[in-house]
Amino acid sequence: MATLKIKNLEKKFNQTEVLKGINLEINDGDFLVLLGPSGCGKSTLLNTIAGLENSDNGEIIIDSQKVNDMEPSERDIAFVFQSYALYPAMNVEENIVFGLKQRKISKDKINESLNRIVELLKITELLKRKPAQLSGGQRQRVAMGRALVRDPKIFLFDEPLSNLDAKLRIEMRREIKKLHKNFKTTMVYVTHDQTEAMSLGTKIAIMNNGKIEQFDTPNNIYNKPNSIFVADFVGSPSMNFISGYIKKDENVISFFPDNEKQKSINLNLIKTKVNNSDEILLGIRPEHIFLKKEHAVRVTKDHNFAEIEVNPELHEYIGHEQIVTFNYYGQEILGKFSSSINIEIDKKMTLFVDLNSVSLFDKETKRRI
Amino acid sequence: MEWLKKNLPKIVVAPSFAVLLWFVYGFIAWTFYVSLTNSKLLPNYEFWGIHQYIRLWQMPRWHVAVENLFIFTILFIILCIFIGVILSIFLDQKIRSEGFLKTIYLYPMALSFIVTGTAWKWILNPTMGIEKFVNQLGFENFQFDWLVTPGMSIYTIVIAGVWQSSGFIMAIFLAGLRSIDDEVIKAAKVDGASTISIYMKIVLPMMRPVFMSAIVILVHLSIKSYDLVIALTAGGPGISSDMPAVFMTKMAFGRSEIGLASASAIMMFATVSAIIVPYLYSELRREQDVK
Amino acid sequence: MLNKINFSRIFLFLILGLFVFYYITPLYVMIVTSLKSMNEIREGNLFSLPSTINFDAWKIAWGGRGEGTSDTFLKPYFFNSLKITIPALIISTLLGAINGYALTKWKFKGANLIFLLFLFGTFIPYQAILLPMARTLGFLGISNSPIGLILVHSVYGLGFTTLFFRNYYVSISDEIVKAAKVDGAGFFKIFFTILLPISLPILVVTIIFQFTQIWNDFLFGVTFSFGEHAPIQVALNNMVLTSASVKYYNVDMAAAIMAALPTLVIYILAGNYFIKGLTAGSVKG
């Protein structure tokens with residue numbers, strides 16, 4: 001049960017800066033997900049919080065206590081590793097209680113904690129087995145048990161599900177979510193999987209190149225991405241970006257896509273600060289594009305939608321959905337629709353875009369406008 | 001206490017590191033310095049320039065040793081690699097008795113060079129060995145007396161050395177063959193390549209690093225070769241099968257010429273370094289690339 | 001097609017068989033010679049089998065003829081070698097293990113450079129250190145003693161053992177050590193309770209490698225010891241090189257087999273570990 005505050009954290013490996021001034025603050029019971037591509041510094045940040053690596057600058061504060069100079073074992077944290085990091089020569093029981101034994105806790109208390117965890121994770125029959133005799137999912141469970149048994153202030157997870165197969169990953173994801181719901185412990189979780197991040201986090205920090213691009217709730221991250229990087233990283237398929245410029249005369253704000261002088265999109269109803277001839281990218285998520293006008297009317301209510309003429313070029317069937325690639329004046333746009341709808345390839349058609357859900361980005365700064 | 005905890009890993013390595021610095025690098029430095037002095041029975045620390053090196057390279061005996069090393073190294077490498085490649089490729093053809101054959105090919109590696117030399121000395125014995133056996137088969141005039149013929153005795157060292165080490169080279173190549181991605185070979189088979197051209201054009205070129213390692217190991221072994229020469233020919237007849245390692249110990253402990261002996265040791269060290277340093281460099285580069 | 005396959009298969013086995021013959025012959029010659037009497041050796045040839053199995057040569061090679069001082073036989077030297085080999089291999093293996101652990105799992109500044117220096121140290125020709133070593137042993141008053149040779153073998157084995165353990169521990173996930181740190185274990189606790197119990201394979205490889213190296217050593221033995229303190233390889237060489245007018249080839253061969261027996265037995269019992277050690281000891285990095 002703890003709060004975590006990180007102030008201006010910096011770290012270098014040799015000459016390369018891996019953390020360039022990280023600032024974060026989460027409350028007791030928050031589930032913070034650090035999300036980003038590989039090499040963005042998210043694992044380094046987690047290791048630094050744990051004390052497994054030292055920072056060069058900045059502060060890490062757990063429950064109003066600065067922990068920078070404390071050993072990992074003194075910080076009262078628990079860590080679940082990607083490879084599970086079970087001690088190969090010890091059986092499951094010994095693995096789980098090893099940390100308690102190091103802390104010279106009485107035998108009775110150790111047994112009590114062990115029983116609690118064994119019951120919680122339902123691993124009674126595994127206790128005497130060695131890690132090599134466990135399946136991937138079982139190892140994952142034991143690794144969780146080893147963290148839970150300590151009842152720490154903060155749980156740290158480093159891509160704990162990435163070595164599991166797809167089905168097991170979803171199961172374990174749900175279990176982690178349940179654990180968080182039941183115990184309300186502060187958690188910090190590193191992943192490169194956006195679905196994991198969205199489903200688990202109460203707060204998400206998207207990292208890129210040693211910096212935090214956006215630190216927000218999952219909802220805001222998805223619907224109000226701060227930058228092209230965030231918009232592109234979250235969502236599958238990713239957001240469409242239509243390149244073009246703004247024309248502003250009198251009270252009419254219009255967006256002209258590149259290669260098109262006649263047909264524009266009217267942006268009047270969007271509360272935005274754009275200037276005439278601004279070069280921008282118009283971001284639209286594939287699920288905010290509709291095939292039928294009624295749909296657009298029903299979703300937007302205020303009739304804030306645009307009609308665009310496109311040519312369907314490719315059609316990918318993925319079970320309950322289909323993804324269609326359209327050509328819009330030479331730019332590619334993806335749309336996501338129910339697979340029950342039939343779309344004829346290479347037959348020009350009109351699409352309806354929900355303008356309440358679009359994001360505008362400055363082409364130069366790549367930031368949200 | 002805190003300091004101790006933080007520096008424990010360094011403190012633990014420190015004694016070994018100190019030993020390494022003193023007994024390896026310090027000693028090499030000492031030997032190098034003594035090679036620049038006129039030391040005879042005892043070291044004399046008065047600087048004498050490169051006279052010992054000049055003396056060394058003017059000695060016919062050193063030239064014999066270097067020449068022998070050259071002959072030995074070349075033949076040793078060619079024969080070991082030839083045998084190693086052939087045996088490893090043949091063993092790679094899904095042979096059922098592979099384990100048994102490997103055990104036989106490799107056991108000489110468990111024997112010391114002294115044992116190896118003793119055995120071959122008996123087999124190559126000019127009157128009682130192979131020669132006698134062939135004579136008894138009916139070839140009365142057959143002669144095989146390389147062991148006691150100046151100019152030929154060096155080849156007996158090659159024979160025994162190849163016998164001892166070629167199985168090991170086979171093992172290295174076999175490990176290399178086994179680590180090659182199966183899919184490349186499958187692709188070649190789909191393309192219609194014959195077994196021979198698969199090996200010649202695809203597999204062996206992919207084994208370049210293994211060839212490199214094998215050559216480095218063999219050169220290293222041959223420069224260090226001392227025991228085998230002592231056991232088989234003791235450098236004889238005369239000095240005809242001397243090698244630098246033998247030369248060095250004879251000068252140091254027989255002739256009390258420790259300045260000269262040090263100069264020859266430094267020559268050996270320089271030769272090994274010239275091969276090992278680039279090799280280690282490329283190996284470490286490769287290791288880093290993998291990461 | 002079938003014929004062609006059969007033909008190449010036969011050729012394959014022919015060549016492989018030929019090499020079996022090549023490698024096995026010297027051992028065969030050693031064994032049969034050691035079992036013959038000198039008369040039989042003079043009359044027969046290298047490959048002829050002994051008429052009766054006769055262990056006299058073995059007895060003489062091991063325990064001598066009982067002819068007083070000029071008599072050389074292996075028994076005392078065999079135990080000399082054991083006295084040197086076992087302590088030296090224990091010391092170098094233990095130090096190598098802890099070095100390998102510290103250099104990989106507690107990477108400090110300069111750890112890589114230190115490893116590189118160890119690695120390079122395994123390649124040096126020993127001629128470059130013989131003279132200063134002889135003086136050092138003299139200075140310490142341990143030349144021509146088992147202690148001296150134990151020191152020499154421990155020191156020059158250290159590079160190899162460090163290398164073996166370093167390469168083994170590099171392949172073990174760092175996360176295990178991190179997990180133990182979070183759990184509150186320290187440097188030695190992690191080594192002894194977590195890493196050492198899973199180090200058996202590399203421990204066996206290292207011990208076999210060191211045993212073979214030290215047992216088979218001749219250069220250090222002949223340089224730093226003489227007379228009754230010599231190790232077995234030196235004694236064997238002295239026996240064979242004896243200046244006596246009559247050569248006893250059967251005794252020489254029996255002695256050679258005896259000197260080779262410990263390493264041969266290890267090779268036969270643990271061949272895979274043996275080969276792994278050799279490969280790791282030469283194909284570095």
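A crossing of two helices is called left-handed if the near helix is turned anticlockwise from the far one by less than a right angle, and right-handed if clockwise. The structure discussed here is a predicted model, in which local features need pLDDT of at least 70 and side-chain atom pairs count only at pLDDT 80 or more, while totals for chains, interfaces and linings use all residues. Residues are numbered from 1 along each chain as its sequence is written, and chains are lettered from A and ligands numbered from 1 in the order in which they are written.

Within chain B, helix α7 (residues 153–178) passes helix α10 (residues 208–224) in a right-handed crossing; helices (H or I, at least four residues) and strands (E, at least two) are DSSP runs, numbered from the N terminus. The two helices of chain B pack at about 160 degrees, their axes 10 Å apart. Axes are lines fitted to C-alpha atoms, for helices over the stretch in contact, and angles run from 0 to 180 degrees between N-to-C directions. The angle therefore makes α7(B) roughly antiparallel to α10(B), given that angles under 35 degrees count as roughly parallel, over 145 as roughly antiparallel, 65 to 115 as roughly perpendicular and the rest as oblique. From α7(B), S165(B), I169(B), I172(B), F173(B) and G176(B) meet V210(B), S213(B), A214(B) and L221(B) of α10(B), contact requiring C-beta atoms, placed from the backbone, within 7 Å. These residues comprise 6 nonpolar, 3 polar and no charged, where Ala, Val, Leu, Ile, Met, Phe, Trp, Tyr, Cys and Pro count as nonpolar, Asp, Glu, Lys and Arg as charged, and the others, Gly among them, as polar.

Chain B also touches chain C, in a contact of 76 residues from chain B and 68 residues from chain C. On the side of chain B, the largest share, 16 residues, comes from helix α1 (residues 2–34). Helix α1(B) packs against helix α4 (residues 75–105) of chain C at about 135 degrees, with axes 9 Å apart, which means that α1(B) is oblique to α4(C). Their crossing is left-handed.

Chain A contains an open sheet of 4 strands in the order β2-β1-β4-β5, with antiparallel pairing; two strands pair if DSSP finds at least two bridges between them. Strands β2 (16–26) and β5 (65–66) of chain A stand at the edges with a single partner strand each, so one side of each lacks a neighbour in the sheet. Strands β1 (residues 4–13) and β4 (residues 57–62) of chain A pair over 5 bridges, and K5(A) has I61(A) in β4(A) as its bridge partner.

Methods:
Two residues are in contact if their C-beta atoms, placed from the backbone, lie within 7 Å.
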